[in-house]
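Please brief me on how this chain packs.

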Amino acid sequence: MTDISEQLQDINILSSAPSRVDVGGTWDLKCFALPYVHVNPVTTNLALTMRTRIHVRSFKPGWVRILDDQHHEEVPIDKIDMSCHFGLLYAIVAYFGLSGMEIEIGYGCPPRSGVGGSGTLSVALAGALARAQELAGGGNLSREAIVELVYNIEDGMRFSFTGLQDQCAAAFGGISRWHWTYGELHGKFRREQLFEDYDAISERILVAYVGKSHDSNDVNSKQVTDFLAGKNRKKWFRINDIANEFASALQQSDWETAGNLINEETQIRCSIVPTRITRVGEQLQTICKDLNIGFATAGSGNGGCVWALAQKPNQISDLSEQWQNILNDVPTAQILPVGVDPTGLKVEQITP
């Protein structure tokens, strides 16, 4: 165990990582990807400029405090409680063995929005603690190592049903097709960066929070149980095909096909889990249908965010206005100003 309260009196650490939307999600789960490696399991995701931020500063020697705008918990390093509200984060703290620090969280979007929250938060925290470890005389970690670490903690300690795409998008940013290779010796994933014309997509996407949080474990648990029992397999194979076809459509700037593909995926997913889309989400989806714009629920759905992909940038202002008219009736709902994030994990040191 290493106390870094003195080092943090002179230097604070700031880190941040982006959220994401995706096509083909769930195929990054090991229980999907491993048995069906022959279908080339992939997901395609877009890192978003809604960033989760971590601020690490000095605290009582031997103690760790974690807080956001709703909760705060502090424990001595030798009595870390991984069953508390911030249990996943304390598990990451325990791995690094650092104390004497306060960790403040700032969210770029409402928590439990379906845009990769826990993976994004874990990557941002591990990036900050890896830099703190350097200040204490230890070695740094690569982005690949950070992804591997936080995934193993969240998945191996059963904090949630998780694959790797959230952590990968948070660490690397950009627009990528991810090939899930859990059974190979060289690693669990391979990244295929699609293209870097981020403005072309940023001006065509719209993301909204429907005003209700979601629990991805509930939906994922049902999806996994049914998949292992042999239900909906053909539908899941088509979703995997859609993820590949969507990536190709982006590479060709074929926005009409890309929008049609996410509509098809949304339809399939709602047939698998009918509760995936909320009443507000259905209203937003209807507007997209009328405007011939692609529509999808984020993550596991049943609350959280929805997103749209337009064929032409000038469609977004009209869509945004019509969506806002619906969201005005839900006090907690909002349109989230986003674009594609090219950077991924950022870590910097500041003088307090």
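Predicted model: local features only at pLDDT ≥ 70, side-chain atom pairs only at ≥ 80, totals over all residues.

A search of the whole structure turns up 16 aromatic pairs.

- Leaving out residues up to four places away in sequence, Ile54 touches Ile13, Leu14, Ser15, Ile103, Glu104, Ile105, Leu121, Ala124, Leu125 and Ala128.
- As a general point, nonpolar side chains in soluble globular proteins tend to be buried together.

**Aromatic pairs around Phe237**

- The whole structure has 16 aromatic pairs. One of them is Trp27 with Phe237, which is stacked. The centres are 6.1 Å apart, with 25° between the planes.
- This pair links distant parts of the chain, 210 residues apart. Trp27 is in the loop between β2 (12–23) and α2 (30–33). Phe237 is in helix α9, residues 233–251.
- Phe237 is partly exposed because its relative accessible area is 26%.
- Phe237 also pairs with Tyr36, this time edge-to-face. The distance is 5.0 Å centre to centre, and the planes are 70° apart.
- Tyr36 has a relative accessible area of 16%, so Tyr36 is buried. The cut-off for buried is under 20%.
- Ring pairs join Trp27, Phe32, Tyr36, Phe227, Trp236 and Phe237 into a cluster.

**Charges over rings**

- Which residue lies over the face of Phe227? Arg233 does, at 5.1 Å from the ring centre.
- Phe227 also belongs to the ring cluster that includes Phe237.
- Lys60 places its charged end over the ring of Trp63, 4.0 Å from the ring's centre.

- Strand β11 covers residues 294–297. Gly294 and Ala296 point one way from the strand, while Phe295 and Thr297 point the other way. All are buried.
- In a regular strand, side chains alternate between the two faces of the sheet.
- β11 pairs with strand β12, residues 305–309, in the antiparallel sense. The pairing runs over 4 bridges.
- Which residue is the bridge partner of Phe295 in β12? The partner is Ala308.

- Asp226 is in helix α8, residues 216–228. Its relative accessible area is 12%, so Asp226 is buried.
- Setting aside neighbours within four places in sequence, Asp226 is in contact with Lys231 and Asn232.
- Gly139 is in the loop between α4 and α5 (143–156). Its relative accessible area is 43%, so Gly139 is partly exposed.
- Not counting residues up to four places away in sequence, Gly139 touches Ala130, Gln133 and Glu134.

Key. Residues numbered from 1 in each chain as written. Heavy atoms only, no water. Contact = heavy atoms within 4.5 Å. Phe/Tyr/Trp six-rings, centres within 6.5 Å; stacked < 30°, edge-to-face > 60°. Helix = DSSP H or I, 4+ residues; strand = E, 2+ residues; numbered from the N terminus. Buried < 20%, exposed > 50% of the residue type's maximum accessible area, 1.4 Å probe, protein only. Lys NZ or Arg CZ within 6 Å of the ring centre and 35° of its normal. Pairing = 2+ DSSP bridges.
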